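Here are some short notes for a first look at this model. Please keep the structure open while reading them.

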Amino acid sequence: MNALSNTGNVQPGVFDAETARRDFPILARQVNGHPLVYLDNAATTQKPLVMIDAISDYYLHHNANVHRGAHLLSDEATQAFEDARATVAGFINSPSASQVVWTRGTTESINLVAATWGRANLGPGDRVLMPALEHHSNIVPWQMVAAETGAEVVPVAVNDSGEVDLEALKGLLDERVKLVSINHISNALGTVNPVAEVIALAHCVGAKVLIDGAQGVAHYPVDVQALDCDFYAFSGHKVYGPTGIGVLWGREELLDAMPPYQGGGEMIETVSFTGSTWNILPYKFEAGTPDIAGAVGLAAALRYLMGLDRHAIAAHEAALLAYCWQLAADFPGLRRVGQASQIAGVFSFLLEGTHPSDVGMLLDKQGVAVRTGHHCAQPLMARYGIPGTVRASFALYNTMDDVDRLFAGLEKARHFLL
Ligand code: PMP
């Protein structure tokens, strides 16, 4: 494989967003006659050239199916695929690579746990708790398995600031609770949830904890052992990797005890018409030909990120948000939605007298990409009695200039709409 490196920012302790921007070719694009300001990172991040190159290098030089070939290309593809798994294991500090299961993304990771662990462990009267700020992909799979098993999905209250009400959670935690499923960082509001505390509380009553890390991995270093969670799910595309690949991490004893998810090639040890036996971890959960190029691309993206100072990136992103809030405070009619004590990556708001989708459309005309709507969190929007918000979401390559362009765009939108 090519030695792949980024163009700068490789020394620990140094992070400069302007330098990092050069690693992301798409950021040089014009949109509607303006230089692109990309503020839809919570939906998907842009991709560094090293990631794009890794995928093309894989297809140009190493492409073959994995694990069963009797030829050199298959060996190389298998090596790249398993190296990628090891890179993910290092990225989240998994005790072993066999606890890293490839999926299509966070949604599939959660569905996998619901369909296997959930079906095997939930029954009538059991409860699955989740805060009312979850993404639909961490609500609906549990509703589906609850309908099948007789278990109950119980929401945990969220306060006016967009924080999980820990007293309400404590009040609900009893021996009926088998699982608490919670996002690390809310995609709709940016709330950084106190997951370590939630995990400790849930474990006191013997409940397992699944962390939806779709937004978490992009903003903070994640250590599944330090967190002491039972499952951690994330998507490659939200952490500078490709779409179509994601990860489920689980505790070994839980993954071992879980039945398979899908049947097919790769996930079996033996097949006969009298019955089949399952492969070892993680292959038991990986039926069919996997997204090999996706795994290779994700590993390249994670190596890129790990080559940067992640604490310096978090500080940079926090400074962008602080600047947003400062400008927001003086902006007529702007109402922030979500004012938790800890927020990462997301600035969610409404402009009085305007509809979020009109604001989004007018920003797009000025080259500023944001997302508008319910952000796949309808119960949360119902909690606030609003149909949706305008959401600007940040990544490592955003700059103070991007924030200025956002507010200049909002100023124009306000004059146009009001
Ligand atoms: N959970 C959260 C918190 C998210 O932000 C998202 C994506 N918006 C998902 C789950 C689902 O991720 P994916 O669509 O990549 O499966």
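**Notes on the model**

1. Start with a helix end. Threonine 149 sits in helix α5, which covers residues 140-149. This is a predicted model, and the points below should be read that way.

2. Is threonine 149 buried or exposed? Threonine 149 has a relative accessible area of 13%. The cut-off for buried is under 20%, so threonine 149 counts as buried. A polar atom of the threonine 149 side chain lies 2.8 Å from the backbone oxygen of valine 145. Setting aside residues up to four places away in sequence, threonine 149 touches Gly118, Arg119, Leu122, Gly123 and Pro124.

3. Now the overall layout. The protein chain is divided into domain 1 (7-47 + 309-417) and domain 2 (51-306). Taken over C-alpha atoms, the centres of domain 1 and domain 2 are 27 Å apart. Domain 1 gives 40 residues to the contact, and domain 2 gives 36 residues.

4. The largest nonpolar core holds 71 residues. Within this core, Tyr232 and Leu396 have the most contacts. Which helix supplies the largest share? Helix α11 (residues 292-306) does, with eleven residues. Domain 1 (7-47 + 309-417) and domain 2 (51-306) each supply at least three residues to this core. Another core lies apart from it and has 25 residues, including Leu320, Tyr323, Phe331 and Val359.

5. Neighbours within four places in sequence are left aside here. What does tyrosine 232 contact beyond them? The list is His184, Ile211, Gly213, Gly216, Val217, Val222, Val224, Leu227, Val247, Leu248 and Trp249.

6. Turn to the ligand. The residues around the ligand are Thr106, Thr107, His135, Ser137, Asn187, Asp212, Ala214, Gln215, Ser235, His237 and Lys238. A polar side-chain atom of aspartate 212 is 2.5 Å from a nitrogen atom of the ligand. In the side chain of glutamine 215, an N or O atom is 2.7 Å from an oxygen atom of the ligand. For threonine 106, a backbone N or O atom lies 3.4 Å from an oxygen atom of the ligand. How much of the ligand does the protein cover? On its own, the ligand has 400 Å² of accessible area, and the protein covers 85% of that.

7. Look at glutamine 46 in the loop between β3 (37-38) and α2. Its relative accessible area is 11%. Buried means under 20%, so glutamine 46 is buried. Leaving aside neighbours within four places in sequence, glutamine 46 contacts Phe24, Ile26, Leu27, Tyr38, Asn41, Tyr240 and Tyr397.

8. Last, histidine 61. This residue is found in helix α2 (residues 49-61). Not counting residues up to four places away in sequence, histidine 61 touches Leu73 and Glu76. Histidine 61 and glutamate 76 are 15 residues apart in sequence. In space, histidine 61 and glutamate 76 are 9.3 Å apart, C-alpha to C-alpha.

How values were computed:
Residues are numbered from 1 along each chain as its sequence is written. This is a predicted model: local features need pLDDT of at least 70, side-chain atom pairs count only at pLDDT 80 or more; totals for chains, interfaces and linings use all residues. Side-chain values use heavy atoms; hydrogens and water are left out. A nonpolar core is a set of buried Ala, Val, Leu, Ile, Met, Phe, Trp, Tyr and Cys residues joined through side-chain atoms within 4.5 Å. Buried means under 20% relative accessible area, exposed over 50%, partly exposed in between (1.4 Å probe, protein chains only). Helices (H or I, at least four residues) and strands (E, at least two) are DSSP runs, numbered from the N terminus. Domain bounds come from an automatic or database domain assignment. Contact means heavy atoms within 4.5 Å. A residue is near a molecule or strand if one of its heavy atoms lies within 4 Å of it. A polar contact is a pair of N or O atoms within 3.5 Å; within protein, one must be able to donate a hydrogen and the other to accept it, and residues adjacent in sequence count only if both atoms are side-chain atoms. Accessible areas come from the Shrake-Rupley method with a 1.4 Å probe; for residues, only the protein chains shown count as cover.
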